Amino acid sequence: MKLMSNELFKAVRYALYAGATAAIGMSAAPVFAQDAGDQDSQKLETITVTGSRIRKADVETAQPIIVLDRATIEKQGFNSVADILQNMTEAGSPPISRSSVLASGEAVGGYYINLRNLGNNRTLVLLNGKRLGSDTGGNQDLGQIPMAAIDRIEVLKDGASAIYGSDAIAGVVNIITRKNYDGAQVDAYVGQYDQDDGAMQTYSMTLGTHSDRGSITFAAEYSKSDPVWAKDRDWSKYPQGPNHPTTGWTAVTQWGRFFMPAGFCGNAAGGACSLNPGGDPFNPADYHKSGAGGPIADRSNANEEMMVQTGVERHSLFVTGDYNITDHIKFSTDLLYNKRSTTSQVAGYPFQPANQIPGAATPYIGLSGDSYYNPTGHHVTNPDGTITTTGGSLVYFYRRGWEMPRVEHDDLQTYRAGGTLSGDFQLGDHNWNWDVGAYVNTNDLAQIKRGDFNKYRTAQAIGPSFFDPVTGHVTCGTPDHPIAWGTAPGNCVPWNPIYPAGSTATGSLGDPNVQTVLFPEYHSTGRTKEVDYSANISGSVFALPAGDLAIAAGYEHRNESGSFVPDSLAISNLATSLPAGPTGGKYKVDEYYVEVDVPVLKDLPLARELSFNVAGRYSKYDTFGDTTNGKFSLTWKPIDDLLVRANYAQGFRAPTIGDLYGGISGTFPFYTDPCDTSFGAAATNSAVAARCASGFGGQPGVPANFRQICQGGTPCTGPGQQSGVNLYSGSNPLLQPETSTSKTAGLVYSPSWISGLDMSLDWYRIHIKNAISGDTLTGQLDDCYIRGIASRCTAVLFKRSASTGTVVYDLTGGINQGWIDTEGYDLGVNYRLPEFSFGRFAIHWNTTYVAHQNAKATDDAPVESPNTSFAGNFRIRSNASVDWSLGDFGATWGVRYYSSQKEKCSYDKAGGPECNMPNYTAPDVGPGLYPLNRVGGLAFHDLSARWSAPWNATVSVGVNNAFDKRLPIMYSAPNSQFLTYGGWDIGRFYYLRYSQKF
């Protein structure tokens, strides 16, 4: 679909270019705890809902909170909660970006937030103060909530396990929905990239009414984002990018590579051959010699069939209501339904001899010497008229299923229902509030895949076959033991793999009957369910000179259960998809908390306010036991204009169902072997080369001039390529919770002598111990050979072939080991200028500076590994914007800045355009060079303009990434399957938004 690719779309473009010359701009303005641009009389940090259970009249808080109200959200050019949050400077790399097209499972297509770059499952997401449901991996999809239902989003940038329990390590996102809405509103949003692709559209409706006794609000939304294809972007068009357009093409191609006997492809000894274009498969002279080093025509660019951004479609419905039973008792409820449909596509499966059938008599499968289509034998007509092949030899081959790309369609349906009974009462002279409530959240996943070979039926299709004159078909089996021709279960259609892509001849992979037999649909299902009961009470206990001592206490019980059941053929390893075992498990937790707020001083010199807050939470799990976590917060106002705040918090993250009970699954990981003498660290670092050669850590040494082997059984032609061996990952039922300490301290300054100016500066440090991490083959190899950690070289983790040095076995899973430590600063400036005759201006500036983010892979690692400024980690992220308004018109111009990144050199290791730091040495690597390439910082400019129409409507037009910033090539492909950072804009994006209120 090419949305708006017409005169209207062109008109929008020209209007926006004209607007740019007038210096009006962006929609993604940074937001402070309270937007002084919208509410002049209020200060920063006036929201206390998130991070505390105590209600206070004085709402200035010790905790660093960002609030994005509805007006701020509507000014931005992004169309999902996740996109808005992802553009906060405190956000890290997107955990599962839409460019992670090879990702699979429940989480694909969801929108997640990763605060402080510590992982999305270390950020807790709440809906109206209660947990949002998650999948078996603990991923909470922000896209479940329709934008039309949102009143504001509160982001707590501090640990809060003492208040909310597990996962609140990096922070908490609380999505608060509209209540007491009266009226109706319809909204429409359409947009697309400058390349006429990636069309997005959202349509929503909000209805509400309220009275003295209660209210009800209804919001419905439909949204759709079309896919973007890798072939349509220069940085994703080729496997190794535009600087190396012919590198990285695989030897497993749509043309096929066949290991023929003597006499084929002009080679007396035989060997790897491919059929000439238009050639006769039965004529040995119509073949030519092929291989990984052959002409580009004999290799395959898999990116041509891949999406660089998946397609997503959503249907959402949210209803919230409340009813005042008495003046002091109220019942409230919310209901949510969301259906997320995601479609992704990657290139057809690279079929190869290693695709053996478990338990088969022969280890590999190839084209049978008795196949009617085998060109190495000759046809014989039998007395009964059948034609068989005799004298043929078994032909092993590599052939990509180009005609049937691998397509995955995921439908995830979410149902949520909650109810709360709340009230208040008087105890002496003090007010108390209470509530009891419950909710249930279920996610049902239906996953359909097509494009992987059915190994059993493929073995039949390339096994013995003959021509049957009675049916007129080439038939599987032998004349004495035929297999009925047809596509029904139990039948067979012979396949001739020698026909190249583009052929529709009978028996070719372009034959619909062959496709039906070899490529069935694979169905997987998943379900997660969360049931929660809670009771809370809060109020003032007694009066102190500086105010009331307040307390809150509560109890929460939560049951989590989940399962994911792959297709039976995947479980039995009878499909070329990754083998996978079922996931299933459950756990329950009982928790108690108490929070006390103590005012110490008030209205005194150098102590306009001094108070502290103490909280603690006890959690008892039926999986690992119990844990207690506390928090201490201090608020001090030496003068009215200045707030000083500090926090110390303990936190934890419990293992998820997937961590504990996930099934063993196969994977063909992308990695760079550090022992590779062309692209690995051994090429430039003598210490690494010595470990590789000596057999460090009990592994066999690699041979001289060792090369990593990729798909097709040939040496990799570039870094970070896909393994040709099926390796494994799984869960760990012995995992323990990770623990954390969070420290923050900051200043909020709102000078009374400069009206409209607010500034904040916050320091943070988070230290995570016993970290739960998903292990990777890259991590294992780097720790073993680059960092010299012997415990990471054990054969339990990976094994090398004693003869070739190739990694032939690997098992990754969740582990508790090492630590993560990050420290940094958040700066915020918000200034609303006085009103002028030509309009009013508001300036916003938010910056996050990461002083360090370091890690130790294991407790016995000799030194820590610095991650700051390395691929996917930014030392500085900064957003700045200027907003202008005059009467019914307004405009915004903003800039999103990402600082430079470094990555290991893949090319020009002695120095050059793609390795500008060839003499770098790394403290965690040891002696020797560790060449790096530094990728410069990027700035994206966003422009928007709006008009409030006299018929109670608002029209906005805008463009994100207005100057179409060219993305740099990054061979480490951080958060992406392609050679750039997965969180950047992939093109100039135009949009039009219309909002009508009634």
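Ser538 counts as buried because its relative accessibility is 8%, where buried denotes under 20% relative accessible area, exposed over 50% and partly exposed in between, with a 1.4 Å probe and protein chains only. The place of Ser538 is strand β24 (residues 522-544); strands (E, at least two residues) and helices (H or I, at least four residues) are DSSP runs numbered from the N terminus. Leaving aside residues up to four places away in sequence, Ser538 touches Arg53, Asn431, Trp432, Asn433, Ile551 and Ala552, a contact being defined by heavy atoms within 4.5 Å.

The structure is a predicted model, in which local features need pLDDT of at least 70 and side-chain atom pairs count only at pLDDT 80 or more, whereas totals for chains, interfaces and linings use all residues. Residues are numbered from 1 along each chain as its sequence is written, and side-chain values use heavy atoms, with hydrogens and water left out.

The protein chain contains 10 helices and 49 strands. Of its 998 residues, 58% count as buried. The chain exposes about 37300 Å², of which carbon and sulfur atoms supply 58%; accessible areas come from the Shrake-Rupley method with a 1.4 Å probe, and for residues only the protein chains shown count as cover. Among contacts between residues at least 6 apart in sequence, 71% join residues at least 24 apart.

Strand pairing was examined next. Strands of a sheet pair through backbone hydrogen bonds, either parallel or antiparallel. Two strands are taken to pair if DSSP finds at least two bridges between them. Strand β6 (residues 183-193) and strand β7 (residues 200-210) pair in the antiparallel sense over nine bridges, and Tyr189 has Thr202 in β7 as its bridge partner. The hairpin of β6 and β7 has six residues between the strands, and Asp196 in this hairpin takes a positive phi near 60°. Strand β7 also pairs with strand β8 (residues 214-225), in the antiparallel sense and over 11 bridges. Here His210 stands opposite Ser215 in β8, and a hairpin of three residues joins β7 to β8.

An open sheet is formed by five strands in the order β12-β11-β10-β19-β16, with antiparallel pairing. Its edge strands, β12 (287-289) and β16 (350-351), each pair on one side only. Within this order, β10 (residues 257-260) and β19 (residues 397-400) are antiparallel and share two bridges; Arg257 stands opposite Tyr398 in β19.

Five disulfides were counted, a disulfide being a pair of cysteine sulfur atoms within 2.5 Å. One of them is formed by Cys265 and Cys273, with sulfur atoms 2.1 Å apart, and both Cys265 and Cys273 are buried. Another joins Cys476 to Cys492, with an S to S distance of 2.0 Å. The torsion about the S-S bond of Cys476 and Cys492 is about -60°, and the disulfide is therefore left-handed. Because Cys476 lies in strand β23 (residues 473-476) and Cys492 in the loop between β23 and α6 (512-518), the pair ties together parts that are 16 residues apart in sequence. Cys476 and Cys492 are both buried.

A further disulfide links Cys784 and Cys793, whose sulfur atoms are 2.1 Å apart. The torsion about the S-S bond of Cys784 and Cys793 is about 110°, so this disulfide is right-handed. Both Cys784 and Cys793 are buried.

Cys784 is also among the buried residues of α10, together with Leu777, Gly779, Gln780, Leu781, Asp782, Asp783, Tyr785 and Ile786. Helix α10 (residues 777-786) is largely enclosed by the rest of the structure, because nine of its 10 residues are buried. The cover over these buried residues includes β31 (670-671), α9 (686-694), β33 (727-729), β37 (798-800), β38 (807-812) and β45 (901-904). Just after α10, Gly788 takes a positive phi of about 70°.

In another helix, α2 (residues 70-75), Thr72 is found. Thr72 counts as buried because its relative accessibility is 5%. The side chains of Thr72 and Asp69 are joined by a polar contact of 2.7 Å; such a contact is a pair of N or O atoms within 3.5 Å, and within protein one must be able to donate a hydrogen and the other to accept it, while residues adjacent in sequence count only if both atoms are side-chain atoms. Thr72 and Arg152 are 80 residues apart along the chain, and their C-alpha atoms are separated by 8.9 Å.
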